[in-house]
Amino acid sequence: MKYLFLVFLMNLLSQYAGKPLRRDGSYPKSFEDIKNEIAGYTDIAKAIIDLAVHGKAQNRSYERLAVFADTIGPRLSGSKNLDAAIKYMFSALQKDGLENVHLEPVKVPHWERGEEFAMMLEPRNQSIAILGLGNSVATPPEGITAEVIVVASFDELHKRAQEAKGKIVVYNEPFISYGETVQYRVRGAVEAAKVGAVASLIRSITSFSIHSPHTGGQSYQPDVPQIPTACISVEDAEMMSRMAFRGTKIVVHLKMGAKTYPDSPSFNTVAEIVGSKYPEQIVLVSGHLDSWDVGQGAMDDGGGAFISWEALSLIKDLGLRPKRTLRLVLWTGEEQGGIGAKQYYQLHKENISNFDIVMESDEGTFKPSGLGFTGSAKAREIVKEIMTLLLPINATDVYDNADGTDIDYWMRDGVPGASLHNDISKYFWFHHSQGDMMTVQDPNQMNLCAAVWTVVSYVIADMEEMLPR
Ligand SMILES: [Zn+2]
């Protein structure tokens, strides 16, 4: 007996040799243990996939989004539509039987584009399709009529600074990638104003166009005059560029009635499935409820918001309750620079050690291939293992890194983060344009996205240990 105990003890000691004993007296799991633990979720993952893709919940996130987007429409920060959207979601989440449904107040910017139009007057009359950029000032009531200078880059603008004075700068920058090219939308007005231009018109940030302008955020700089700024279609930018290259004089009349109002009350919308064992620990899934004031905001970010809601619905429908709390957050004011998320972070960061992972889907809900992930090498190994559970729908990849304005604050402070990785080849065709309507969304693709989102968030919320930082 004594001998047997000794053998057992020696065995135990050798098994845990070199491993630190933790405060609660337990030993951290080996990767082999974690792999086995994850493999134990195979049946649950299958049940989630079945329910979302083939079962009773098939097409639910799409259908819910269609009713929402058709009823409410676009949801600009500070607008009545956004208020209506928040009220709608508050009651929908309650009706769905989710827990702790509540609103967290946030002040958001309130800008409205008002009436706007542009007309080319020389060399001939042609209407130019525009969308004023977020935060732009108006033109004087009579509008601005000025000659155009077309440039392909900031470099060219700086070289031709003398010529730009008193003119409307048209940027005809080539589309390289959203991340790179968006600089023209964000800084175009400031750079043009620095060389004395009276307005700037920016080729829309997209790789494909059927003459649709794409709006978005832009920012002014202190000590630089604020000039009106709008985006124009790829077609009009290229046309004016060709004309200018031939030496043709171009004159444009621009009128914009944009107005900035005092910040407006808004809310982040929150719902939960409270954890059974570690309710204070949080797995956060999210998308943003606000949008630009064009189209229906169905893709950006209706899809992300509604697959995030779907994750909680699917888990509830299966009668599951993970050990940790699964928290849905529908952000407000994302398009104005992650305003809702910033305030949420400031209010909740004192509990940062309880945040297991922050997830956001804000780059489309097309055919999913896996996750973007930000976190330590150890956490990445665990997430890769979790993704093997998604083999039945072939969405097992883990890419560097997670991407999401609203989860950035947490990731910068070391909380693991994940974003949905999906086929974004057509995303920027519709992004921030009148084309962002339900027609872009596909029910089957949304089912698959919801399955990925649910399996990942459930398993992470239910595993015995939090992801290592
Ligand atoms: Zn978005």
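Student: At what angle do the axes of helix H4 and helix H10 cross?

Tutor: In this predicted model, helix H4 spans residues 60-72 and helix H10 spans residues 298-317. Their axes come within 9 Å. The crossing angle is roughly 130 degrees.

Student: Are H4 and H10 parallel, antiparallel, perpendicular or oblique to each other, and why?

Tutor: The axes of H4 and H10 cross at roughly 130 degrees. Angles of 65 to 115 degrees count as roughly perpendicular and those over 145 as roughly antiparallel, and the rest, unless under 35, as oblique. The crossing is right-handed. H4 and H10 are therefore oblique.

Student: How many nonpolar, polar and charged residues make the contact of H4 with H10?

Tutor: H4 contributes Arg 60, Ser 61, Arg 64, Leu 65, Phe 68 and Ala 69. From H10 come Ala 298, Gly 302, Gly 303, Phe 306, Ile 307 and Glu 310. By class, the contact has 3 charged, 3 polar and 6 nonpolar residues.

Student: Which strands are the edge strands of the open sheet of 8 strands?

Tutor: The strand order is E1-E10-E12-E11-E13-E16-E14-E15, with mixed pairing. Each edge strand pairs on one side only. The edge strands are E1 (99-112) and E15 (397-399).

Student: Which strands of the sheet does helix H5 touch?

Tutor: Helix H5, residues 80-95, packs on the sheet. Its direction makes about 10 degrees with that of strand E10. The strands touched by H5 are E1, E10 and E12.

Notes: Residues numbered from 1 in each chain as written. Predicted model: local features only at pLDDT ≥ 70, side-chain atom pairs only at ≥ 80, totals over all residues. Pairing = 2+ DSSP bridges. Helix = DSSP H or I, 4+ residues; strand = E, 2+ residues; numbered from the N terminus. Contact = placed C-beta atoms within 7 Å. Axes fitted to C-alpha atoms, helices over the stretch in contact; angles between N-to-C directions. Left-handed = near helix turned anticlockwise from the far one by under 90°. Nonpolar A, V, L, I, M, F, W, Y, C, P; charged D, E, K, R; others polar.
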